[in-house]
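Subject: Structure handover

Hello,

Here is the structure I promised to pass on. Please open it first, then read my notes below.

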Amino acid sequence: MQGRSFQVQQVLGTQGTRTVISATVSFQTEEPSPEHQRAMPDAPPPESLRTLQEVGAAYADRIPAAAPRRLGQSRTAELRLVDPETFLFRREPEARLRFWIKLQRDLPDDPVLQRAAIGYLSDYWMPLTPLMAHLEAKIGTGLYLASLNHTLWLHRAPRVDDWLLVDAQSPFSGNARGLTTGHFYQRDGTLLATATQECLFRGWVEDGQGGFRVPGMPAR
């Protein structure tokens, strides 16, 4: 579908005879208008924060045995948690998660490739945000997690080979699903993109106290 300033395309991904992904993509011709944006929250610079490998080593005696092996295993992106202790050990009532993220290699000055890359990064760790309100440890617990749907709005042309701050919050989880909204900022505070993602969580058991936990984790 194409108009004077917008174009919408549908993209289907298949494996054999099965359709495994369906995406609707909207393109717009740039045009001037009044602007405002949500302010970037305060956060320490990424260089002052520990890598995920350092976090795993520092807390190896307090987290599930599988966690240090899983933390920081990506060869594509580097991620640094703003508050790793809250992520690993404390419930965050607002179900909020903040982290810096960037690709581990530079990209060409190709705006199409840069936009594709931020789409790729927008799937990193966003699904863990609802767990901030429920589990003391989120990595290596055996909880099954899968993305159900994902929407990304690009506000400005991104550059994703430098650090981006992600401020994510989950307004709801229930019925084995969790919803997250995340905002992606450049270092200078420019809001580049907003994403929403709904994920499936399975593996909970009743803890005997009116709540739920993942097997292997202490009951609440």
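Let me start with a lining. In the second largest pocket, the lining residues divide into 13 nonpolar, 10 polar and four charged. Here Ala, Val, Leu, Ile, Met, Phe, Trp, Tyr, Cys and Pro count as nonpolar, Asp, Glu, Lys and Arg as charged, and the others, Gly among them, as polar.

A word on the source. This is a predicted model, in which local features need pLDDT of at least 70 and side-chain atom pairs count only at pLDDT 80 or more, while totals for chains, interfaces and linings use all residues. Residues are numbered from 1 along each chain as its sequence is written, and side-chain values use heavy atoms, with hydrogens and water left out.

**Pockets**

The second largest pocket has a volume of about 570 Å³. Its lining has 27 residues, and Arg70, Gln73, Trp125, Leu128 and Ile139 lie nearest its centre. The elements giving two or more residues to this lining are α1 (52-58), β3 (77-81) and β5. Helices (H or I, at least four residues) and strands (E, at least two) are DSSP runs, numbered from the N terminus.

The largest pocket has a volume of about 1800 Å³. It is lined by 36 residues. Nearest its centre lie Ser26, Leu152, Trp153, Leu154 and His155. At least two lining residues come from each of β2 (18-28), α4 (111-121), β5 (144-154) and β8 (191-202). By class, this lining has 15 nonpolar, 15 polar and six charged residues.

How a pocket is found: on a 1 Å grid over the protein atoms alone, a pocket is an open set of points where a 1.4 Å probe fits, with protein on both sides within 12 Å along at least five of seven lines; lining residues have an atom within 4 Å of a point. Grid points are joined across faces, edges and corners, and a volume is the space filled by probe spheres set on the points.

**The sheet**

Six strands form an open sheet, in the order β3-β4-β6-β7-β8-β5, with antiparallel pairing. β3 and β5 stand at the edges, each with a single partner strand, so one side of each has no neighbour in the sheet. On average, neighbouring strands are turned by 25° against each other, direction ignored. Two strands pair if DSSP finds at least two bridges between them.

Now along the sheet:

- β3 and β4 run antiparallel, joined by five bridges. Leucine 79 has isoleucine 101 in β4 as its bridge partner.
- β4 and β6 are joined by six bridges and run antiparallel. Tryptophan 100 stands opposite leucine 165 in β6.
- β6 and β7 pair in the antiparallel sense over eight bridges. Glutamine 169 stands opposite threonine 181 in β7. The hairpin of these strands has two residues between them, and asparagine 175 takes a positive phi near 55° there.
- β5 and β8 pair in the antiparallel sense over 10 bridges. Leucine 154 has alanine 193 in β8 as its bridge partner.

α4 packs on this sheet, touching β3, β4 (96-103), β5, β6 (164-174), β7 (177-185) and β8. The direction of α4 makes about 145° with that of β5. Axes are lines fitted to C-alpha atoms, for helices over the stretch in contact, and angles run from 0 to 180 degrees between N-to-C directions. Contact means heavy atoms within 4.5 Å.

Four of the five residues of β3 are buried, so this strand is largely enclosed by the rest of the structure. Buried means under 20% relative accessible area, exposed over 50%, partly exposed in between (1.4 Å probe, protein chains only).

**Single residues**

Cysteine 199 is in strand β8. It counts as buried, at 1% relative accessibility. Leaving aside neighbours within four places in sequence, its contacts include Pro127, Leu145 and Arg177.

Glutamine 114 belongs to helix α4. It is buried too, at 3% relative accessibility. Not counting residues up to four places away in sequence, glutamine 114 touches Leu107, Pro108, Pro158, Arg159, Val160 and Asp161.

Alanine 95 sits in the loop between α3 (84-89) and β4. Its phi is positive, about 50°, although it is not a glycine. Alanine 95 counts as buried at 5% relative accessibility.

Tryptophan 125 lies in the loop between α4 and β5. Its phi is near 65°, a positive value in a residue other than glycine. Tryptophan 125 is buried, with a relative accessible area of 15%.

Best wishes
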